[in-house]
Amino acid sequence: MTIHDFGRGPYPARVRIALAELNLQDKVRFVEVDLRTGAHKRPEFLEKNYSGTLPVLELADGTYLAECTAITEYLDHLEGRPRLTGVSARERGMVHMTNKRAEIELLDPISVYFHHATPGLGPHVELYQNPEWGERMRDRALRGARYFDDLLSTRPYVAGETFSMADITVVAAFVFADIVKLTIPLRLGHLHAWHDRMLARPSVQGWRDMGRSTG
Ligand SMILES: N[C@@H](CCC(=O)N[C@@H](CS(=O)(=O)O)C(=O)NCC(=O)O)C(=O)O
């Protein structure tokens with residue numbers, strides 16, 4: 001399998017962490033797509049992913065899978081025993097609800113803030129910016145952080161009793177928050193305690209180095 005990604009990106013981090021959690025990192029090779037040049041918006045890349053975003057998983061049969069959640073679902077079911085997306089119907093429902101909420105209430109708003117209220121990837125990529133909208137999304141992300149802090153006051157992981165794809169998505173939100181220098185308020189003690197536990201996971205410690213040739 002081939003992963004087209006930007007090695008330091010928050011969304012690519014979601015798939016890289018999932019690969020490490022599933023011990024699949026040796027089954028993939030990485031092809032770097034430099035967002036800063038706008039390569040992801042050129043026709044030859046849009047053929048891989050209509051949405052022009054990273055990462056994209058390319059299968060041996062030529063199939064292109066985009067969208068971090070879809071890629072994680074695929075990887076999690078490769079060996080027939082899912083560990084990141086839930087097993088029972090209830091677990092799967094909880095993981096997907098929490099993962100989607102992590103996207104729409106936290107990670108995606110931070111991304112919108114990056115693209116609209118900061119220089120983002122530069123004027124050659126950010127063809128339209130609305131700083132007010134970006135600021136509103138930053139505020140939405142801060143409300144989302146409070147939501148997850150409250151959630152984590154009653155459970156060890158965001159979707160329940162076990163680590164899941166949804167935790168990975170919230171970790172990616174912290175990665176993006178760091179990039180845009182958005183402070184997650186320290187008073188959100190449950191969220192920060194959870195994040196400290198996530199940072200202790202080898203998959204979270206090592207995602208940036210994945211795919212780097214050791215030779
Ligand atoms: N919904 C998509 C979003 C992916 C996404 O936004 N990826 C970023 C990569 S990174 O910023 O996290 O490195 C991107 O392609 N951004 C480029 C752009 O939006 O122009 C997913 O879940 O895969």
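**Around the ligand**

Helices here are DSSP runs of H or I with at least four residues, numbered from the N terminus. This is a predicted model, with local features needing pLDDT of at least 70, side-chain atom pairs pLDDT 80 or more, and totals for chains, interfaces and linings using all residues. Residues are numbered from 1 along each chain as its sequence is written, and side-chain values use heavy atoms, without hydrogens or water.

Now show polar contacts (pairs of N or O atoms within 3.5 Å). A backbone N or O atom of Tyr11 lies 2.9 Å from a ligand oxygen atom. For Pro10, a backbone N or O atom is 3.3 Å from an oxygen atom of the ligand. At His115, go to the side chain: a polar atom there lies 3.4 Å from a ligand oxygen atom. The ligand taken alone exposes 540 Å², and the protein buries 88% of that (Shrake-Rupley method, 1.4 Å probe).

**Out to the lining**

Which residues lie nearest the centre of the largest pocket? Select Tyr11, Leu54, Ser111, His115 and Phe176, from a lining of 34 residues. A pocket is an open set of 1 Å grid points, over the protein atoms alone, where a 1.4 Å probe fits, with protein on both sides within 12 Å along at least five of seven lines; lining residues have an atom within 4 Å of a point. Finish on α4, which gives the most to this lining, with seven residues.

Terms used
Polar contact = N/O pair within 3.5 Å; in protein donor to acceptor, adjacent residues only side chain to side chain. Helix = DSSP H or I, 4+ residues; strand = E, 2+ residues; numbered from the N terminus.
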